[in-house]
Protein chains: 2
Amino acid sequence: MEVLVWLFNEFETLDVFGPVEVLGKLPAVTGFRFVSLHGGIITSSQKVPIITERYQLRRPDPGFILLLPGGFGTRREVDHPPQLQALRQLVEAAGFVLSVCTGAALLARTGSLDGKQATTNKRAFGWVAEQGPQVEWVKKARWVRSGNLYTASGVSAGMDMALGFIADQFGQAVAEQIAAGIEYLWNRDREADPFAMD
Amino acid sequence: MEVLVWLFNEFETLDVFGPVEVLGKLPAVTGFRFVSLHGGIITSSQKVPIITERYQLRRPDPGFILLLPGGFGTRREVDHPPQLQALRQLVEAAGFVLSVCTGAALLARTGSLDGKQATTNKRAFGWVAEQGPQVEWVKKARWVRSGNLYTASGVSAGMDMALGFIADQFGQAVAEQIAAGIEYLWNRDREADPFAMD
């Protein structure tokens, strides 16, 4: 089971590397691919320079996990048709999709969340919701699962969601073991969301 | 205030990018430099490829923060004199040093923790303690401060320590605001350590 990490400039650092840390401890994960639309160096909002490979539509491992971060760059990418077209193809091919924070805005723009429940960063909630008027946005949730699509609240919630995904697919004990291994105090309850607003 | 992030192959991903996320929200931080002994591409244990600049002793900003991760690569680097010599110079020049997880083993090998309190990953505790027989190792602590040297417990504890550092230096309100901004449930009590052993 490969993890395809989709990157664009000004992604939010922890949106990516929290879930990468967690998923990297899962024995079923065979490796990570860091991919962007044009390849080359991609830098996060915190100016972390990552080397990425260029996106190519290919017949991927049908079980792969697509990890989709948020960050300031999403404000630009929601209006970038080649970005959305590539993502639409990846979302259709993926076994599971995990979006973090405003990554849900990109996911919403692919149309794949229409008619489904999802959540996102609570401070950017209004803007994200506008990107998917047909999505059933959940205002109070650490993360939401709709079939094979997982969406997390802001930044740090991505780690809790990644552990929740592991608990769903591989059992609670595996998730607990991974959290303990990285000395992470897992927020296990997806409905407990201290950052929810109104 | 610049953050110099010291990297080596097989560093642990979240040891670096948890604190980078937190420190990146601090207005006093002007930027990050990702530095390694020889420069070039450095990959984490989770195979994240990062571009680094080559270490050069220069007269740095006296207030800079040195961030020192742990990870499997520390097992090799504690016996690598050029690595330790570079680190010794950086630790002496730094305004503050923040080590995460087994990064404390490298810090101990520079001698700068001798006679001081420090902590580290609770599962690798014995091995790290052997790297610094003159260090007063604290078995139960989420993180420890000894003057300008901060040491965190395993992996995820780095985020709690980074917020603790910010609270010490810039006030509790700044730390709380940053934690809320990234929807992080901060473990504020440095003495509360559910992963402590015996």
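**A walk through the model**

Mentor: Start with A:Cys101, which is buried, with a relative accessible area of 5%. Keep in mind that this is a predicted model.

Trainee: Where is A:Cys101 found in chain A?

Mentor: A:Cys101 sits in the loop between β6 (96-99) and α4 (103-109) of chain A.

Trainee: What about phi of A:Cys101?

Mentor: Phi is near 55° there, which is a positive value in a residue other than glycine. Most residues other than glycine have a negative phi.

Trainee: Which residue other than glycine also has a positive phi, of about 35°?

Mentor: A:Val155 has a positive phi of about 35°. A:Val155 belongs to the loop between β10 (149-152) and α6 (157-170) of chain A.

Trainee: Is A:Val155 buried or exposed?

Mentor: A:Val155 counts as buried, because its relative accessibility is 4% and the cut-off for buried is under 20%.

Trainee: Back to A:Cys101. Which pocket has A:Cys101 among the residues nearest its centre?

Mentor: The second largest pocket. A:Gly71, A:Phe72, A:Cys101, A:Thr102 and A:Asn121 lie nearest its centre, out of 14 lining residues. The volume of the second largest pocket is about 210 Å³. Its lining divides into five nonpolar, five polar and four charged residues.

Trainee: And the largest pocket, how much space lies in it?

Mentor: About 250 Å³. The largest pocket has 15 lining residues, and those nearest its centre are B:Glu12, B:Gly71, B:Cys101, B:Thr102 and B:Asn121. By class, that lining has five nonpolar, six polar and four charged residues.

Trainee: Changing topic. What rotation superposes chain B on chain A?

Mentor: A rotation of 180°, with 0.0 Å of shift along its axis, superposes chain B on chain A with an RMSD of 0.0 Å. That is the relation of a two-fold axis.

Trainee: Which residue of chain B comes closest to the rotation axis?

Mentor: B:Ile50 does, with its C-alpha at 2.4 Å from the axis.

Trainee: Through which surface do the copies meet?

Mentor: The copies meet through the same surface, because 100% of the interface residues of chain B are also interface residues in chain A.

Trainee: Give me a residue with contacts in both chains.

Mentor: Take A:Thr13, which has its place in helix α1 (residues 13-23) of chain A. Leaving aside neighbours within four places in sequence, A:Thr13 is in contact with A:Ser44, A:Gln46 and A:Val48, and also with B:Phe17, B:Val20 and B:Glu21. At 0% relative accessibility, A:Thr13 counts as buried.

Trainee: How many residues of helix α1 of chain B are buried?

Mentor: Eleven of the eleven residues of that helix are buried, so helix α1 of chain B is largely enclosed by the rest of the structure. Among them are B:Asp15 and B:Glu21, as well as B:Leu14 and B:Phe17.

Trainee: Where is B:Tyr184 found, and what does that residue touch?

Mentor: B:Tyr184 is in the segment after α7 (172-181) of chain B. Not counting residues up to four places away in sequence, B:Tyr184 touches A:Ser156 and A:Phe195, along with B:Ser156, B:Met159, B:Asp160, B:Leu163 and B:Ala179. B:Tyr184 counts as buried, at 5% relative accessibility.

Trainee: How far apart in space are B:Tyr184 and B:Ala86?

Mentor: They are 34 Å apart, C-alpha to C-alpha, and 98 residues apart in sequence.

Trainee: Now the core. Which residues touch the most other members of the largest nonpolar core?

Mentor: A:Trp6, A:Leu66, B:Trp6 and B:Leu66 do, in a core of 144 residues. In soluble globular proteins, nonpolar side chains tend to be buried together.

Trainee: What does A:Trp6 touch?

Mentor: Not counting residues up to four places away in sequence, A:Trp6 touches residues including A:Val35, A:Leu37, A:Tyr55, A:Leu66, A:Pro69, A:Gln83 and A:Leu90.

Trainee: One more, A:Ile42. Which strand is that in?

Mentor: A:Ile42 is in strand β3 (residues 40-43) of chain A, and counts as buried at 7% relative accessibility. The C-alpha atoms of A:Ile42 and A:Leu7 are separated by 7.0 Å, although these residues are 35 apart along the chain. A:Leu7 is also one of the residues in contact with A:Ile42, and others include A:Phe8, A:Phe11, A:Val48 and A:Ile50.

Note on methods. Residues are numbered from 1 along each chain as its sequence is written. Chains are lettered from A and ligands numbered from 1 in the order in which they are written. This is a predicted model: local features need pLDDT of at least 70, side-chain atom pairs count only at pLDDT 80 or more; totals for chains, interfaces and linings use all residues. Side-chain values use heavy atoms; hydrogens and water are left out. Copies are superposed by least squares on the C-alpha atoms of residues with pLDDT of at least 70 in both. Contact means heavy atoms within 4.5 Å. A nonpolar core is a set of buried Ala, Val, Leu, Ile, Met, Phe, Trp, Tyr and Cys residues joined through side-chain atoms within 4.5 Å. Buried means under 20% relative accessible area, exposed over 50%, partly exposed in between (1.4 Å probe, protein chains only). On a 1 Å grid over the protein atoms alone, a cavity is a set of points where a 1.4 Å probe fits but cannot get out, and a pocket is an open set with protein on both sides within 12 Å along at least five of seven lines; lining residues have an atom within 4 Å of a point. Grid points are joined across faces, edges and corners, and a volume is the space filled by probe spheres set on the points. Ala, Val, Leu, Ile, Met, Phe, Trp, Tyr, Cys and Pro count as nonpolar, Asp, Glu, Lys and Arg as charged, and the others, Gly among them, as polar. Helices (H or I, at least four residues) and strands (E, at least two) are DSSP runs, numbered from the N terminus.
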